[in-house]
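Please read them with the structure open beside you.

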Amino acid sequence: MPFIDSKVTLKLSDEKKNSIKAKLGKAVSILGKGETYLMVGFDDEYDLYFGGNKLEKGAYVSVSLFGQASRDAYNKMTTAICDILEEELDIPGDHVYVTYHGIKDWGWDGSLF
């Protein structure tokens, strides 16, 4: 039950969203999760400021998942996310924040897991 929510400073085409979504779908296996229940969201043309300056290219990515993963898995996933954003959008890794949220109670289809 992962949800990866991305806020990026750039305008994203549907083609670019689909490409990033597909790569995140593969990367989520790092966290021991599959793409079957992966939900991905994008908020583009989002104003982000870092160190007091508005970023031309930057991103904040929030990863929520049912349960927990290891610190090593989170580290590898951070690398994968930064690599994807650099490959797809030319956003440097030092302009990307990634947070992880392990969720104990997760609802879907009218009930809790």
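This is a predicted model: local features need pLDDT of at least 70, side-chain atom pairs count only at pLDDT 80 or more; totals for chains, interfaces and linings use all residues.

1. A residue is called buried when its relative accessible area is under 20%, exposed when it is over 50%, and partly exposed in between.

2. Phe-113 forms a tilted aromatic pair with Phe-66, the ring centres being 5.7 Å apart and the planes at 45° to each other. Since Phe-66 belongs to strand β5 and Phe-113 to the segment after β8 (111-112), the pair ties together parts of the chain that are 47 residues apart in sequence. Phe-66 has a relative accessibility of 25% and therefore counts as partly exposed.

3. The structure holds 5 aromatic pairs, and another of them, that of Phe-50 and Tyr-97, is edge-to-face, with 5.7 Å from centre to centre and 85° between the planes. This pair also links distant parts of the chain, as Phe-50 lies in strand β3 (residues 49-50) and Tyr-97 in strand β6, 47 residues apart. Phe-50 is partly exposed at 37% relative accessibility, whereas Tyr-97, at 54%, counts as exposed.

4. Four strands make up an open sheet in the order β2-β1-β5-β6, and their pairing is mixed. Because β2 (39-43) and β6 stand at the edges with a single partner strand each, one side of each has no neighbour in the sheet. On average, neighbouring strands are turned by 15° against each other, direction ignored. Within the sheet, β5 and β6 pair in the parallel sense over 8 bridges, and Val-61 has Val-98 in β6 as its bridge partner.

5. Two helices pack on this sheet: α1 touches β1 and β2, with its direction at about 140° to that of β2, while α2 touches β1, β5 and β6, with its direction at about 135° to that of β6.

6. Which residues of α2 are buried? They are Ala-73, Tyr-74, Met-77, Ala-80, Ile-81, Cys-82, Ile-84, Leu-85, Glu-88 and Leu-89, and these buried residues pack against β1 (3-8), α1 (14-27), β5 (59-66) and β6 (96-103).

7. The length of α2 is consistent with its residue count, because at 1.5 Å a residue its 19 residues (71-89) should span 27 Å, and the end C-alpha atoms are 26 Å apart, which agrees. The helix is followed by Asp-90, whose phi is positive, near 60°.

How values were computed. Residues are numbered from 1 along each chain as its sequence is written. Side-chain values use heavy atoms; hydrogens and water are left out. The expected span of a helix is 1.5 Å times one less than its number of residues. Buried means under 20% relative accessible area, exposed over 50%, partly exposed in between (1.4 Å probe, protein chains only). Contact means heavy atoms within 4.5 Å. Rings of Phe, Tyr and Trp (its six-membered ring) pair if their centres lie within 6.5 Å; planes under 30 degrees apart count as stacked, over 60 as edge-to-face and the rest as tilted. Two strands pair if DSSP finds at least two bridges between them. Axes are lines fitted to C-alpha atoms, for helices over the stretch in contact, and angles run from 0 to 180 degrees between N-to-C directions.
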